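My entries follow in the order of looking.

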Amino acid sequence: MTAEAPERGIISTMDRRRPLVRYGLPIIQVLLFIGVVIAGVGPLLWLLKSGLSTSQDILKGPLSLWPSGIQWHNVPDAWNQVQIGSYLGNTAIIAIGSLLSTLFVCTTGAFVLSVLRPKWGPVITGLVLATLFLPGVISLVPLYLTILKMPVFGWNLQNTFWAVWLPQAAGAFNILVMKRYFDAIPRELIEAARIDGASNLRLFTALILPMSKPIIGVVALLTVIGSWKDYLWPLLVLPDPRLQPISVALPRVQKTTDLSLQMSALFLAVLIPVVLFLIFQKQFLRGVGMSGGIKE
Amino acid sequence: MAVLTRVSTAHPATQSRRSPATWLRSGGLSSILFALPLVLTFLYFSWGPIVRGLVLSFQKTNLVTPAEWVGMSNFSYVLTDPQLPQATINTLYFALLALIFGFPVPLFLAVFISELRKTGWLYNVISYLPAVVPPVVAILLWKYFYDPGSGVFNAILDWFGLGPYAWLNSPNLAMPAIVLEATWAGAGATSIIYLAALTGVRNELYEAAELDGAGIWRRVWHVTIPQIRGIILIMMLLQLIGTFQVFTEPFLFTGGGPDNATTTILLLIYRYAFINGDFGAATALSVLLALVLCVLSVVYHFLTRRWSTT
C-alpha cells in the first residue's frame with residue numbers, strides 16, 4: 001500500500017479491491033478499447049479493404065470482404081492512372097520545404113529572443129505573441145494578394161512552392177515553443193562558451209542547436225504532418241495541377257476516377273502520415289500536449 | 001538581462017558610452033542578422049497581411065486599376081447581403097453542435113486514459129490516429145460513408161431496420177453529419193492536451209478527497225474537473241474560435257448545400273474573394289468576423305475569470 005501510494009490517480013488501491021470497481025473497470029476498459037479501435041482504426045481498415053476491391057463490390061456490399069477476390073492491381077493502377085506518385089512527390093516537396101523554412105526562422109528567431117536578448121527583443125516577442133490571438137481569417141485574403149504581388153519586390157509567387165513554404169514559417173506557436181526550450185538551457189553554459197571566445201554564430205551552431213534536438217524533432221514532426229494536412233492554402237496558391245499536393249488533387253481527380261481506384265488513392269494518401277505518426281508517436285503526442293501548455 | 005550579456009561579451013568600461021564600433025564588436029549586428037528571418041517572414045506573411053486586410057476592407061480593388069477608397073460601402077454591402085443571416089445561423093449552429101458533440105468525448109477519454117497505468121499509451125495512439133489523417137482524405141472517405149445508397153452508415157443502420165437516411169443530401173441532417181466527422185477528426189488532439197493537463201493534478205488531492213469520504217465520481221467532479229478547469233475553458237474558447245472559421249468540411253462535403261443549409265461565413269468569404277473577385281467585400285467580412293471573435297474572447301475571458309475566483 002505504501003509503495004503504491006505515489007502511483008495512485010483518481011481510483012485508489014482500496015477502490016480497486018471493491019468488487020464493483022474490480023470487475024466494472026476492466027469491462028469499461030474493454031468496451032472503451034473496442035470503441036476507440038472502431039473509431040480510430042476502423043475507417044482506415046475499411047479504406048484498405050475498399051482500395052483492394054472492385055467498384056461493384058464496394059457499391060453492393062460496403063461491409064463485405066472481397067466477394068470478387070482481392071484486387072492487388074488497384075494500387076499500381078492508382079499510382080499510374082491517378083498519378084498519385086507525382087502528387088505525393090509534390091506533397092513531400094511542400095512538406096520538406098515548409099520544414100526547412102520553419103526550422104530556419106524559428107531557431108534563429110528564438111535564439112535572438114532567448115539567448116542574445118537585445119533591447120528590442122521584448123517588442124518582437126510581444127508582436128509574435130499578438131499574432132497568436134488574432135483569428136487567422138483576417139489575413140487569408142490579403143495574404144493571397146501578397147502572394148500574387150509581393151510588396152516592395154513585386155514578385156508573383158503563385159504557382160511556385162515558395163507561396164506555401166514562406167507563409168508557413170511565420171508560425172508564432174513554433175517560435176514560442178522553441179524560445180521556451182532555449183530559455184531552459186542553463187545560462188552558465190552560454191556564459192562559459194562566450195568566455196571561451198565563441199561568437200554568436202558558433203554559439204548557435206555548436207551549442208544551442210545540438211542541445212535542442214528533441215524540440216527540433218517535435219517542431220519538425222508537427223510541421224510535416226501539418227503541411228501534409230493543409231488544403232485551402234495550397235488550393236489557392238497552386239492552381240497549376242502539376243504542382244498540387246495530394247490533398248488538393250484528390251477532390252479534383254475524384255470526379256473522373258473509378259471508385260475502387262479512388263479508394264486506393266485515398267489509402268496511399270493516408271499511408272505516409274500514419275506511418276510517420278506510428279514511428280514517432282511518443283515525440284508527437286508530447287508535442288501536441290505541449291501545444292496545450294502554450295495556449296494556456 | 002541584456003545588460004548582463006553585454007557585460008560578459010564586450011568591454012565593461014565602454015558600456016556607458018557605446019559608439020557604433022563597440023556596438024558592432026559586441027555582437028549587436030549579429031542579433032539583427034539573426035532576427036532578420038523572423039522579422040521579414042512576420043512582416044510579409046503575418047503582420048503585413050493583417051494591416052493590409054484592415055486597409056482593403058475600406059477599398060474597392062480588382063487588382064488591375066488602382067484601389068479606390070470607398071469608406072464603409074464594403075461593410076454595408078456584406079451586412080445587407082441576404083445570404084449573411086443564413087450563413088451566420090449555420091456557423092453558430094455548427095459551433096453549437098461541435099460543442100455538444102465534441103466537448104464531452106475528449107474530456108471523458110482523457111480522464112479515463114489517465115487512470116490506465118500500463119495500457120494508456122495504446123488508447124492514446126489509437127484515438128489520435130484520426131487526427132493524422134489529412135482532412136481531405138477523411139472528408140472524401142466519410143462522404144462515402146454517408147452515401148445514401150450504398151454507404152457504410154446506412155448499411156449498419158439497416159441491420160437494425162433503420163434508415164436509409166439521406167445524410168448529406170438532407171438539409172436537416174447535413175450539418176450534424178459534418179460536425180460528426182469533424183468531432184471524430186478532432187477529439188484525439190484535444191484529449192492529448194487534457195491528458196497533459198491531468199498529469200499536473202496532485203495525487204494528494206485525491207487522497208484527501210477519499211479520506212473525506214468522496215467516491216470515485218465525486219472525486220472526478222470535485223477534484224479532477226476543477227483542477228483542469230483552466231485548460232478546459234481555454235480549449236472551449238479555442239474550439240469556438242476554430243469552428244467559427246470552419247471551411248474545408250462544408251466546402252468539400254456539400255459545397256454549402258443542400259439549399260444553403262451548410263453555407264458558413266468562411267464559405268461566403270471564399271465566394272466573395274475567389275469566385276466573385278470582390279476582395280473588398282471578402283476582407284470586410286473577414287474583419288467583421290475577426291472583430292466578433294476578438295470581442296468574444298475578451299468577454300469570455302472576463303466571464304470565466306469571474307467563475308474561477310468564486
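I take helices (H or I, at least four residues) and strands (E, at least two) as DSSP runs, numbered from the N terminus. I note that this is a predicted model, in which local features need pLDDT of at least 70 and side-chain atom pairs count only at pLDDT 80 or more, while totals for chains, interfaces and linings use all residues. Residues are numbered from 1 along each chain as its sequence is written, chains are lettered from A and ligands numbered from 1 in the order in which they are written, and side-chain values use heavy atoms, with hydrogens and water left out.

**Salt bridges**

I began in helix α10 (residues 172-183) of chain A, where K179(A) and D183(A) sit four residues apart, about one turn of the helix. Their side chains form a salt bridge at 3.2 Å, N to O. For burial I use relative accessible area: buried is under 20%, exposed over 50%, partly exposed in between (1.4 Å probe, protein chains only). D183(A) is partly exposed because its relative accessibility is 34%, whereas K179(A), at 17%, is buried.

I then checked R242(A) and D240(A), whose closest N and O atoms are 3.0 Å apart. R242(A) is exposed at 67%, but D240(A) is buried at 17%.

E204(B) is partly exposed at 48%, and R202(B) is partly exposed at 48%.

I listed contacts (heavy atoms within 4.5 Å) of F111(A), leaving aside neighbours within four places in sequence; they include F182(A), L203(A) and F34(B).

**Chain B**

I counted 16 helices and two strands in chain B. Buried residues make up 51% of its 310 residues.

I checked pLDDT (the predictor's confidence in each residue, from 0 to 100); chain B has a mean of 84, with 91% of its residues at 70 or more. Over residues 1-16 of chain B the pLDDT is below 50, and this stretch has 18 contacts in the model beyond near neighbours in sequence.

Notes:
A salt bridge is a side-chain nitrogen of Lys or Arg within 4 Å of a carboxyl oxygen of Asp or Glu.
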